[in-house]
Structures are given as structure tokens and as C-alpha cells.
2 protein chains.
Amino acid sequence: MADENCSRVETALEILVGKWKPVILYQLFTNGTMRFSELQRALPDITKKMLTSQLRELEYHDIVHRKIYMQIPPKVEYSITEYGMKMTPLLEAINAWGTMHIQHLNELYSEDRKLEDAETK
Amino acid sequence: MADENCSRVETALEILVGKWKPVILYQLFTNGTMRFSELQRALPDITKKMLTSQLRELEYHDIVHRKIYMQIPPKVEYSITEYGMKMTPLLEAINAWGTMHIQHLNELYSEDRKLEDAETK
DNA sequence: CCGTATCCCGGGAGATACTG
DNA sequence: CAGTATCTCCCGGGATACGG
């Protein structure tokens with residue numbers, strides 16, 4: 001049972017983990033449908049290879065939908081699936097904790113500053 | 001602003017990511033204070049090196065507390081910090097989503113089974 | 001008992017070039 | 001436009017041995 005509880009967490013992390021997945025999801029969640037090239041423009045530092053592989057993994061997990069237009073030049077659109085939408089509360093929880101954590105870091109930093117100031121006096 | 005939103009998520013993931021962190025956190029959350037050797041026994045497949053490094057990272061992020069007893073033989077106890085406790089809702093959200101996702105996978109699987117059964121008839 | 005120090009390997013991820 | 005195909009480098013993480 002210990003294992004089960006944990007494997008659920010790991011299953012979830014598996015899907016979120018990948019250097020670019022959070023950013024990609026963020027783009028698709030906020031912009032809705034996007035073409036491959038739009039994603040590339042929005043994420044200047046990612047290579048095509050990486051963008052493709054991360055999108056494929058998300059597609060495999062039924063989080064992202066890939067719509068191909070049979071035409072020349074090619075056109076492919078990506079969007080969050082209905083099932084993927086169910087990640088919203090999870091993403092929000094992660095985001096909320098991250099926000100609080102950054103705040104916490106700032107507090108730790110300012111405490112260090114106080115100590116330093118006290119020493120230099 | 002896009003970057004900020006995303007960096008929060010990444011900040012959070014950074015802390016959770018690491019092959020053994022979820023399991024370690026699970027142990028400490030359910031068992032409270034644990035000695036190094038207890039963790040080793042609970043996690044048979046982890047090496048000392050890995051256990052140490054993951055605990056150090058968690059300690060660095062103020063999630064886990066390390067209490068050293070100056071004695072021979074040495075004794076070291078690990079526990080979740082007060083601040084670390086604030087991860088509870090996050091962990092629960094991840095766990096909840098993971099649970100739902102596994103359920104979703106089962107549904108997909110049983111649909112495949114139906115198709116197969118239909119074909120073989 | 002609670003760790004470091006070393007050595008080593010596989011795979012994640014970047015750079016670059018090519019294609020339907 | 002939307003991808004593959006290669007080649008290469010780096011480092012997370014395992015195995016093993018040693019140290020206070």
C-alpha cells in the first residue's frame with residue numbers, strides 16, 4: 001500500500017517531468033490551439049527535436065491532441081485534450097505551492113541579510 | 001509573466017524531481033522521524049550514496065530536517081520540517097491526479113480489450 | 001552506524017544537416 | 001512547414017570500496 005500511494009505520485013510526475021513539458025503545457029493552456037511553428041516561436045530555446053519528442057510524450061499520455069491537416073505546406077495544430085483539461089487543478093496546486101515557496105526563499109534571504117547587517121555593524 | 005507562472009511550476013517540480021524523493025517523502029510523512037538505517041531498510045533498492053544525496057537536497061530546500069546525535073555509534077534522524085508540512089496539499093493533489101490517471105488508463109485498456117474481443121468473434 | 005570517494009556506464013538532450 | 005537522422009557530450013545514478 002505504501003508502494004501504491006507512492007506510485008501514483010510517480011505516475012503523475014512522470015507526465016509532468018521533462019525539461020520542457022511545463023512550458024509547453026502553459027502555452028497550450030493559455031493560448032488554446034497552437035501550430036508547431038507558433039510553439040517554436042513562443043519557446044525560442046527549444047530545438048525541433050525536443051519540441052517534437054515532448055509533444056509526442058504528452059500526446060501518448062492523452063494530454064495533448066495533435067491535428068494534422070493533409071495539405072502542402074503541412075499544418076499541424078496542438079491543443080489540450082478534454083482529458084488533459086483535468087490537469088488544471090493539479091497545475092494550479094503546483095503553481096500555488098511554487099509561488100509560496102519563492103516567497104519562502106525571499107524570507108530566508110532577507111533573514112540572512114539581517115544577520116549580515118548585524119555583523120557588519 | 002508567462003515565464004513567471006511557469007517558473008513557479010518548475011521551481012516546485014525541481015524539488016520533487018529526483019528518482020527517490022517521492023518515496024523518501026512518503027516514508028517520512030507517514031512514519032514521522034526516521035533514522036538513516038530505517039530509511040535504508042524501508043527502501044531496499046536505494047544505495048547509501050543516493051539516499052544521502054536526495055536527503056541533502058531535500059534538507060537544502062528546507063523540506064527535511066537532519067538531527068545529528070553526537071555519539072558513538074553515530075545516530076542521525078530525519079523528519080519533515082514545519083515548512084515541509086506545507087507540501088501536504090501539493091502531495092495530495094499530485095496523488096489525487098495520479099489515482100485518477102491510473103483509473104483513466106484502466107478504462108483505455110478495457111476499451112482496447114472490447115475492441116479485441118469484438119475482432120476475435 | 002553513517003556516511004564519502006571513485007569509477008563507470010546508459011541515456012537525455014544539444015547542434016547540425018537533411019526530407020516529404 | 002513540420003518534422004527525422006546522426007553525432008556527440010554530459011551527468012544522473014549504480015556498484016564498489018574505504019573512512020570517522
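**View 1. Arg56(B) and its neighbours at a phosphate of DNA strand C.** In this predicted model, a polar side-chain atom of Arg56(B) is placed 2.5 Å from a phosphate oxygen of DNA strand C.

View 2. A residue is near a strand if one of its heavy atoms lies within 4 Å of it. Sugar or phosphate accounts for 57% of the atoms of DNA strand C within 4 Å of the protein, and bases for the rest. The element that gives the most to this surface is α4(B), with 4 residues. Helices (H or I, at least four residues) and strands (E, at least two) are DSSP runs, numbered from the N terminus.

**View 3. The protein surface near DNA strand D.** A phosphate oxygen of DNA strand D is 2.7 Å from a side-chain N or O atom of Ser37(A); the value is 2.7 Å for Arg56(A) and 2.7 Å for Lys19(B). Two or more residues each come from α3 (36-42), α4 and β3 of chain A and from α4 of chain B. The most, 4 residues, are given by α4(A).

View 4. Three strands form an open antiparallel sheet in the order β1-β3-β2. Its edge strands are β1 (34-35) and β2 (64-69), each pairing on one side only. Strands pair if DSSP finds at least two bridges between them; 2 bridges join β1(A) to β3 (residues 75-80) of chain A. Met34(A) stands opposite Tyr78(A) of β3(A). Helix α2 (residues 21-31) of chain A packs on the sheet, touching β1, β2 and β3 of chain A (contact: heavy atoms within 4.5 Å).

**View 5. The surroundings of Ile24(B).** Beyond its neighbours within four places in sequence, Ile24(B) is in contact with residues including Leu43(B), Ile46(B) and Leu58(B).

**Notes.** Residues are numbered from 1 along each chain as its sequence is written, and chains are lettered from A and ligands numbered from 1 in the order in which they are written. Local features need pLDDT of at least 70, side-chain atom pairs count only at pLDDT 80 or more, and totals for chains, interfaces and linings use all residues, while side-chain values use heavy atoms, with hydrogens and water left out.

Terms used:
Axes fitted to C-alpha atoms, helices over the stretch in contact; angles between N-to-C directions. Polar contact = N/O pair within 3.5 Å; in protein donor to acceptor, adjacent residues only side chain to side chain.
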